[in-house]
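This report describes one protein chain for a reader who is new to structures. Please look through the sequence and the model before reading on.

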Amino acid sequence: MLSVSHLTKKYGKTLACDDVSFRLDEGSVTVLLGPNGAGKSTLMKSVIGYLRYQGEITVGGHPAKTSEARRLMGYISEIPSLYPNLTVSEHMEFVARAYRLRDYRAHAEALLERFELFDKRKKFGDELSKGMQQKLNLCLGLLTRPRLLLLDEPMVGLDPHAIKELKTVIGELRADGCTVLVSTHMIDSVDRLWNRALIMQKGRICADVSREEAEETLEKLFFEITEQETNEKTDAPADWSVEQHF
């Protein structure tokens with residue numbers, strides 16, 4: 001469903017993504033892990049089409065920036081971007097019209113019910129608490145019934161009930177053949193969901209592990225790999241010799 005080939009993205013002299021390549025199959029949940037500055041958000045924003053980059057990204061066989069690919073994708077950002085003068089219901093209608101959805105109202109109402117927003121549907125975006133804004137952000141990303149769903153730190157700010165509901169939704173999407181990519185620091189919250197883990201450090205994927213291959217918990221695996229990478233770089237000999245300076 002998703003193919004990323006030799007993705008490279010620079011911000012000035014900073015290399016945020018360094019020749020990243022991977023493929024995600026239909027009906028899978030992949031967790032994208034890494035410390036701050038590893039390149040996770042840059043990768044997600046490149047896939048969704050927010051950034052210019054070098055390399056090739058396809059969704060369902062279509063180049064990622066085409067309308068065909070975008071119809072297949074849903075994106076839930078870490079920080080909700082809501083319109084202060086639109087109500088909850090109007091936000092849902094706005095997305096439905098943008099994607100030219102038909103017969104969406106029952107689905108929209110069901111999402112609002114699941115995330116405890118149905119009684120808030122007449123409230124404006126700037127009247128919602130941070131947690132409610134994130135819940136609406138989830139509903140907007142799920143409204144289009146995407147075949148590829150990207151979630152960037154989706155559980156930040158959510159209450160325990162909403163986190164539980166989101167986990168259930170992710171499981172349902174996987175069962176329905178949707179491909180899910182979740183970028184998160186809350187490793188324990190996705191420990192039972194993942195089929196595959198991509199671990200990034202310094203703009204590169206330093207590990208690509210399936211659940212079947214993993215002999216330890218996801219959290220332990222993450223720390224072992226990232227700490228090993230850090231130690232190897234620290235212990236590596238300096239890349240110069242006396243002769244190079246004369």
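The text below goes through strands, a helix, backbone angles and charged side chains.

The model is predicted; local features need pLDDT of at least 70, side-chain atom pairs count only at pLDDT 80 or more, and totals for chains, interfaces and linings use all residues. Residues are numbered from 1 along each chain as its sequence is written, and side-chain values use heavy atoms, with hydrogens and water left out.

## Strands

Helices (H or I, at least four residues) and strands (E, at least two) are DSSP runs, numbered from the N terminus. Two strands pair if DSSP finds at least two bridges between them. Strands of a sheet pair through backbone hydrogen bonds, either parallel or antiparallel.

An open sheet is formed by four strands with antiparallel pairing, in the order S2-S1-S4-S5. Strand S2 (14-24) and strand S5 (62-63) are at the edges with a single partner strand each, so one side of each has no neighbour in the sheet. Strand S1 (residues 2-11) and strand S4 (residues 54-59) are joined by five bridges in the antiparallel sense. Here Val 4 stands opposite Ile 57 in S4.

Strand S9 (residues 196-201) pairs with strand S3 (residues 29-33) in the parallel sense, over four bridges. Leu 33 has Ile 199 in S9 as its bridge partner. S9 also pairs with S10, in the antiparallel sense and over six bridges. Arg 196 stands opposite Ser 210 in S10. S9 and S10 form a hairpin with two residues between them, and Lys 202 in the turn has a positive phi of about 55°.

How many residues of S9 are buried? Six of its six residues are buried, where buried means under 20% relative accessible area, exposed over 50%, and partly exposed in between (1.4 Å probe, protein chains only). In a regular strand the side chains alternate between the two faces of the sheet. Both faces of S9 are covered, with Arg 196, Leu 198 and Met 200 on one side and Ala 197, Ile 199 and Gln 201 on the other.

## A covered helix and some positive phi angles

Helix H1 (residues 40-48) is mostly covered, with seven of its nine residues buried. The buried residues of H1 are Lys 40, Thr 42, Leu 43, Met 44, Ser 46, Val 47 and Ile 48. After H1 comes Gly 49, with a positive phi near 100°.

Most residues other than glycine have a negative phi, and most peptide bonds are trans. Arg 145 is not a glycine, yet has a positive phi of about 55°. Arg 145 is in the loop between H5 and S7 and is exposed, at 56% relative accessibility. Glu 153, also not a glycine, has a positive phi of about 50°. Glu 153 is in the loop between S7 and H6 and is buried, with a relative accessible area of 5%.

## Charged side chains

A salt bridge is a side-chain nitrogen of Lys or Arg within 4 Å of a carboxyl oxygen of Asp or Glu. By this rule there are nine salt bridges.

| Residue | Partner | Closest N and O atoms |
|---|---|---|
| Arg 114 | Glu 165 | 2.6 Å |
| Glu 116 | Lys 135 | 3.4 Å |
| Asp 176 | Arg 147 | 3.3 Å |

Arg 114 in helix H4 (residues 105-114) and Glu 165 in helix H6 (residues 160-175) are 51 residues apart, and their pair links distant parts of the chain. Arg 114 is partly exposed, at 25% relative accessible area, whereas Glu 165 is buried, at 17%. Salt bridges with shared partners join Arg 114, Glu 165 and Glu 172 into one network.

Glu 116, in the loop between H4 and helix H5 (130-143), and Lys 135, in helix H5, are 19 residues apart. Glu 116 is partly exposed at 39% relative accessibility, and Lys 135 is buried at 7% relative accessible area.

Asp 176 lies in the loop between H6 and strand S8 (179-183) and Arg 147 in the loop between H5 and strand S7 (148-152), so their pair ties together parts 29 residues apart in sequence. Asp 176 is exposed, with a relative accessible area of 52%; Arg 147 is partly exposed, with 28%.
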